[in-house]
Amino acid sequence: MKYLAFEIQNYRAIEDSVVIDLQKNNLIPIVGINECGKTTILQAIYCFDYINDSEYEGKHLKNIKNLYKTEDTKETIVSAHIEISLLQLELRYKNAVNTYNKSIQAQIDKEADEIKKKALESKKFNKPFPLTKANFDNIILIQRNLNTKKYTLKHANLEKELTTVINEALAKVIVQYMPYILYNDDFMDRPPNFIEIPKEKPDSLTGWVAIFERLFKTTNENYSLFDLASESDVRRRDSILSDVKFELNKTLTKDWKRLSVTKNDLTIDLKFIPDETDSSEKKHILYVQVVEKIKERERYFDVIDRSKGFLWFFNFVMKLVFNPKVVNTDANTTIYLLDEPGSYLHQSAQTELGSKLVDISKNHGSVIYCTHSHKLLNPNLIPLNSIYIVEKDKQKKIKATPLPKIQTKIENTNAFQPVLEALQTPAFEFSIGTEKVIAVEGIYDKYAIELMVELDKSTCILPGTSADSIIKNIQYLNAFNKTYIAIWDNDEEGEKNYKKAAKFFGEIESEKFDLLPKVSSKKRRMEEMFSKKDLDLFKTKIGLKPDATYESIISSLYYTDKKERQNILSTVSTETKDNFKILSNIIEKRFKKSKEILDKS
């Protein structure tokens with residue numbers, strides 16, 4: 001069972017339908033300037049799962065109407081398109097029917113009047129499961145009306161077979177078994193210094209008590225946070241805490257060192273403070289402290305005394321790794337909703353965090369995050385076509401548009417421009433730290449070169465949007481005094497703009513320009529640098545359909561797991577390797593010329 005897409009209607013300033021599609025990518029950046037509505041989208045998705053209703057004091061379920069309007073009679077609906085097998089649906093159907101019939105039986109048992117008993121008995125639901133493989137396509141739609149908090153299941157061959165009550169019961173039990181939707185907002189939820197431990201374990205755990213209980217259970221399934229109070233042997237209690245601290249610090253320390261500027265050793269210390277009063281409502285304390293090691297000496301701090309960057313990181317990791325609500329479901333993944341992740345981290349740490357988000361999306365579930373930091377949009381890690389641009393129109397209505405469908409405000413000269421405009425970020429930010437730049441016609445040229453040509457770390461590729469766009473990007477690269485080269489496809493359009501650039505920039509500057517290598521007298525585009533046999537091989541290895549386009553083949557290969565990608569590329573034919581070896585020599589030759597020209601200027 002998995003979420004395929006979320007659809008939002010009439011939630012706050014979202015009037016027209018906003019759809020966030022998870023089918024193509026597990027990592028979805030939502031970008032835009034402050035106050036454009038990014039957080040609204042995350043909170044709307046969070047509202048879909050009733051398990052979250054009490055979290056954050058239910059703020060996401062309050063003020064669901066558009067405050068820019070004085071009258072709004074439309075219902076607020078958050079929907080999920082869900083993939084579910086016939087077997088899973090049948091099991092959930094049985095759960096729903098059994099639960100409903102048990103509630104009817106409970107009412108019957110309370111009634112003394114035989115007539116009332118018979119009336120209740122007639123309400124029991126006894127229809128057999130109505131679907132077969134022939135009339136089910138493994139996809140359902142579940143809607144939640146946030147005005148009534150009720151669910152409705154939508155599927156033509158199932159919906160008509162159910163009473164309203166059973167329909168809602170089935171929808172709710174399906175949601176119960178779906179991946180947990182986790183929302184992380186460091187502005188609203190700060191990690192505590194003290195965890196209050198009730199005398200007796202409640203039937204259901206919430207908040208940080210639930211997170212630390214999961215930590216104890218992860219350390220050892222026989223451990224419980226609540227055993228600390230009942231454990232009379234102090235030595236054993238200290239041993240349990242030692243094991244839990246080791247598990248916690250094993251998780252935290254490695255990643256924090258990657259993100260921290262100071263690189264000082266930080267660990268978490270846990271102390272148990274018993275409530276020694278005679279109160280019948282005793283509350284013991286688990287005291288959480290940060291220990292910093294400075295020149296072999298340890299210094300102790302409360303969690304809230306640390307930097308905002310560390311507070312965000314601690315909050316994020318605890319909820320990621322020790323989230324108690326991912327257990328007991330059919331699904332083994334989570335939907336992570338991250339509101340401005342790493343906003344308190346310095347820029348290099350944000351780059352590291354970007355890699356971490358990619359890892360989470362590959363191994364733990366889907367990540368939907370909003371940001372206005374370009375450092376969390378590294379195009380080498382995050383497919384541009386997974387990005388949504390969020391903005392408010394003149395009527396203050398929130399719109400979220402997939403980046404490929406965005407119309408730029410000025411002439412579109414590079415593949416990043418819609419993101420840059422949405423973030424109001426200068427273009428040079430994407431390549432300011434690089435020494436050398438290769439300007440190419442499009443994003444798929446970038447993917448192909450980075451897959452097949454060994455470039456040093458100081459080189460980045462600036463993809464344009466056409467052969468003509470390279471000329472405009474050259475002006476930008478010259479303005480920032482970059483060591484650059486430009487390469488066009490060796491086709492009619494590429495050759496025309498290559499000659500146009502040479503004429504416009506002059507003989508000396510044109511020594512930085514070149515075309516893809518020809519095959520004898522034939523023209524060539526980038527996709528023709530690969531043999532047809534190799535492209536067919538890529539399709540098979542990645543699992544694409546036989547009619548997959550060149551663009552989908554190259555982008556899928558580019559974002560495939562690194563080890564798997566290397567294995568696939570190791571089988572490439574000599575023909576393809578030789579083509580890119582010639583291109584590699586062209587790149588080396590043109591960069592040598594570019595550096596000579598720059599040194600003389």
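Strands β1 and β4 run antiparallel and are joined by seven bridges. In this predicted model, K2 stands opposite E83, a residue of β4. Strand β4, residues 77–83, is in turn joined by seven bridges to strand β5, residues 139–145, and this pairing is antiparallel as well. Along β5, I140 is the bridge partner of I82, while I142 is the bridge partner of A80. Strand β4 is mostly covered, with five of its seven residues buried.

These strands belong to an open sheet of five strands, in the order β2-β1-β4-β5-β6, with antiparallel pairing. Its edge strands are β2 (18–21) and β6 (150–154), each of which pairs on one side only. Between neighbouring strands of this sheet the average turn is 20°, direction ignored. Strands of a sheet pair through backbone hydrogen bonds, in either a parallel or an antiparallel manner.

## Helices across the sheet

Two helices that lie across this sheet can be described by the strands they cover. Helix α1, residues 38–47, lies across β1 (2–9), β2, β4 and β5, and runs at about 115° to β1. Helix α5, residues 164–176, lies across β4, β5 and β6, and its direction makes an angle of about 95° with β6.

## Aromatic pairs and charges over rings

The count of aromatic pairs comes to 24. In the pair formed by Y3 and F6, the ring centres are 4.8 Å apart and the planes meet at 40°, so the pair is tilted; both Y3 and F6 are buried. A stacked pair is formed by W208 and F314, with 6.2 Å from centre to centre and 5° between the planes. This second pair links distant parts of the chain, since W208 lies in helix α6 (residues 207–219) and F314 in helix α9 (residues 308–321), 106 residues apart. Both W208 and F314 are buried.

Ring pairs also link Y3, F6, F48, Y50 and Y151 into a cluster. One member of that cluster, Y50, has the charged end of K172 over its ring, 4.8 Å from the ring centre. Elsewhere, R306 lies over the face of F301, at 4.7 Å from the centre of the ring.

N184 lies in strand β7, which covers residues 180–184. Because buried means under 20% relative accessible area, N184, at 3% relative accessibility, counts as buried. When its neighbours within four places in sequence are left aside, N184 is in contact with Y56, W312, N315, F316, K319, L337, L338 and D339. Of these contacts, W312, N315, F316 and K319 have numbers that fall within helix α9, residues 308–321.

Helix α18, residues 574–600, has 27 residues and reaches 39 Å from its first C-alpha to its last, which is close to the 39 Å expected at 1.5 Å a residue. Its buried residues are T576, N579, F580, L583, I586, I587, R590, F591, S594 and I597. They pack against the strands β16 (436–440), β17 (459–463), β18 (483–488) and β19 (513–515), and against the helices α12 (443–452) and α15 (532–542).

In helix α13, residues 469–479, the buried residues are S469, I470, I471, N473, I474, Y476 and L477. The elements they pack against are β16, β17, β18, α14 (492–505) and β19. Just after α13, N481 takes a positive phi of about 55°.

## The chain as a whole

The protein chain holds 18 helices and 19 strands. Of its 601 residues, 51% are buried. Among the contacts in the chain with a separation of 6 or more, 69% are made by residues 24 or more positions apart.

Methods
Residues are numbered from 1 along each chain as its sequence is written. This is a predicted model: local features need pLDDT of at least 70, side-chain atom pairs count only at pLDDT 80 or more; totals for chains, interfaces and linings use all residues. Side-chain values use heavy atoms; hydrogens and water are left out. Rings of Phe, Tyr and Trp (its six-membered ring) pair if their centres lie within 6.5 Å; planes under 30 degrees apart count as stacked, over 60 as edge-to-face and the rest as tilted. Buried means under 20% relative accessible area, exposed over 50%, partly exposed in between (1.4 Å probe, protein chains only). Helices (H or I, at least four residues) and strands (E, at least two) are DSSP runs, numbered from the N terminus. A charge sits over a ring if NZ of Lys or CZ of Arg is within 6 Å of the ring centre and within 35 degrees of the ring normal. Two strands pair if DSSP finds at least two bridges between them. Axes are lines fitted to C-alpha atoms, for helices over the stretch in contact, and angles run from 0 to 180 degrees between N-to-C directions. Contact means heavy atoms within 4.5 Å. The expected span of a helix is 1.5 Å times one less than its number of residues.
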